[in-house]
Amino acid sequence: MPPGLDIDHKSPLNGVMSGYAEQVLVCTGEDDWPSRIEEESGGDNLAADLKELFGRGGVYSDPFHNISVLNASLPSSVPPRAEVQSTSAYLLPSFKYVPFLPRVSFDSVQALAKGYLLPERLHSAHDGLSPIHRDRLTRKEAYRSLLPGVRDVRDVLVLVCGHGGRDARCGVMGPLLRDEFEGCLEREGVSVLRGPVEVDLTGEARRLEAAPGGDGAGEEDGGAAAQTTTTARVALISHIGGHKFAGNVIVYVPPGQRLEDGSAHPLAGYGIWYGRVEPRHVDGLVRETVLRGRVVEDMFRGGIDAQRRILRL
């Protein structure tokens, strides 16, 4: 690291992460953002809208159901109508991809919040709320019909904090780790997807893979069968906390993922957080966590499972 950008190698890592019910990755197609992502484009962006709803003082703010909103370098899907500006988002650990959130009105953001992000049941601490208030804070699946093309995520997601606008350590380390993860995954036979997800609203979904310098080619989505071949996406993301532990990495393994021998992946449905990751560690993380389903203890910050339980060693 450049002088003055020290990494904390002394403090314990295990358990150094905030709990959350869902992470929303906003697909910006950009590699870096302002320190406060809700201020990008003068605040006219999906992250700002979601933070307005779920942030401190927001109408859906709930200390027992934290929604973490992050920007990601992943590109958004191209909307069916090119003249309509739209943003895509990943929901984790729900492992859902929402391809089209039109920016022409607040309706799609409300549909995302009410259909996917609010809790199905409130924490017992809310028992004293009025029925109307409780109803406002709980999920309504009918809103899901307002968001077309939502699909399950079947790719391993490797998310690297590269938020240089927030902290220079992640700004230096993030791009290096992204390149290293992409190269290592490909050397291990994992197909790294770099293009936008192409979604056919007639019900057929395809992945658009764009090799560096290439035009890209469509690939049929084989549904559950696609789990037999590992595919991955690697992205830079905004601030997740703990910049002093750069590089910070989250590995999300989709439900149904299997090992090479066909057995169930031990970390399927989990998100595993690592800190103090350097390029020399990437080969080991890919082999152990992505391919074998093992946690590397000395870099483990914590994790989350499908039931939103925070994991410690």
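Phe95 is buried in the predicted model, with a relative accessible area of 2% (buried means under 20% relative accessible area, exposed over 50% and partly exposed in between, with a 1.4 Å probe and protein chains only). Phe95 is placed in the loop between β3 and β4, where helices (H or I, at least four residues) and strands (E, at least two) are DSSP runs numbered from the N terminus. The phi angle of Phe95 is near 55°, a positive value in a residue other than glycine. The loop between β3 (86–92) and β4 (96–102) also holds Pro93, and the peptide bond from Leu92 to Pro93 is cis, with omega near 10°. Most residues other than glycine have a negative phi, and most peptide bonds are trans.

Residues are numbered from 1 along each chain as its sequence is written.

Ser41 lies in the loop between β1 and α1 and counts as exposed because its relative accessibility is 57%. Gly42 belongs to the loop between β1 (22–27) and α1, and its relative accessibility of 76% makes Gly42 exposed.

Strand β6 (residues 156–161) is largely enclosed by the rest of the structure, because six of its six residues are buried. Val156, Val158 and Val160 point one way from β6, whereas Leu157, Leu159 and Cys161 point the other way, and all are buried. Strands are taken to pair if DSSP finds at least two bridges between them. With strand β11 (residues 231–237), β6 pairs in the parallel sense over six bridges; the bridge partner of Leu157 in β11 is Arg233. With strand β12 (residues 249–252), β6 pairs in the antiparallel sense over four bridges. Within β12, Leu157 stands opposite Tyr252, and Leu159 has Ile250 as its bridge partner.

Strand β12 is likewise covered on both faces, with Val249 and Val251 on one side and Ile250 and Tyr252 on the other, all of them buried. β12 is joined to strand β13 (residues 271–274) by four bridges in an antiparallel arrangement, and Tyr252 has Gly271 as its bridge partner in β13. In the loop between β11 and β12 lies Gly247, which is joined to Ala246 by a cis peptide bond with omega about -5°.

Two packed helices are described by the angle between their axes and the distance between the axes. Here, axes are lines fitted to C-alpha atoms, for helices over the stretch in contact, and angles run from 0 to 180 degrees between N-to-C directions. The axes of helix α1 (residues 46–54) and helix α2 (residues 107–117) come within 10 Å and cross at roughly 55°. That angle makes α1 oblique to α2 (angles under 35 degrees count as roughly parallel, over 145 as roughly antiparallel, 65 to 115 as roughly perpendicular and the rest as oblique). Leu46, Asp49, Leu50, Leu53 and Phe54 of α1 meet Val109, Gln110, Leu112, Ala113 and Leu117 of α2, contact meaning heavy atoms within 4.5 Å. By class, this contact of α1 with α2 has eight nonpolar, one polar and one charged residues (Ala, Val, Leu, Ile, Met, Phe, Trp, Tyr, Cys and Pro count as nonpolar, Asp, Glu, Lys and Arg as charged, and the others, Gly among them, as polar).

Helices α4 and α5 (residues 282–291) pack at an angle of about 55°, with their axes 9 Å apart. That makes α4 oblique to α5. Leu177, Glu180, Phe181, Cys184, Leu185 and Arg187 of α4 make the contact with Val282, Asp283, Leu285, Val286 and Val290 of α5. The residues of this contact divide into eight nonpolar, no polar and three charged. Helix α4 (residues 168–187) also contains Glu182, which counts as buried at 14% relative accessibility. Leaving aside neighbours within four places in sequence, Glu182 is in contact with Val192, Arg194 and Val234.

How values were computed:
This is a predicted model: local features need pLDDT of at least 70, side-chain atom pairs count only at pLDDT 80 or more; totals for chains, interfaces and linings use all residues. Side-chain values use heavy atoms; hydrogens and water are left out.
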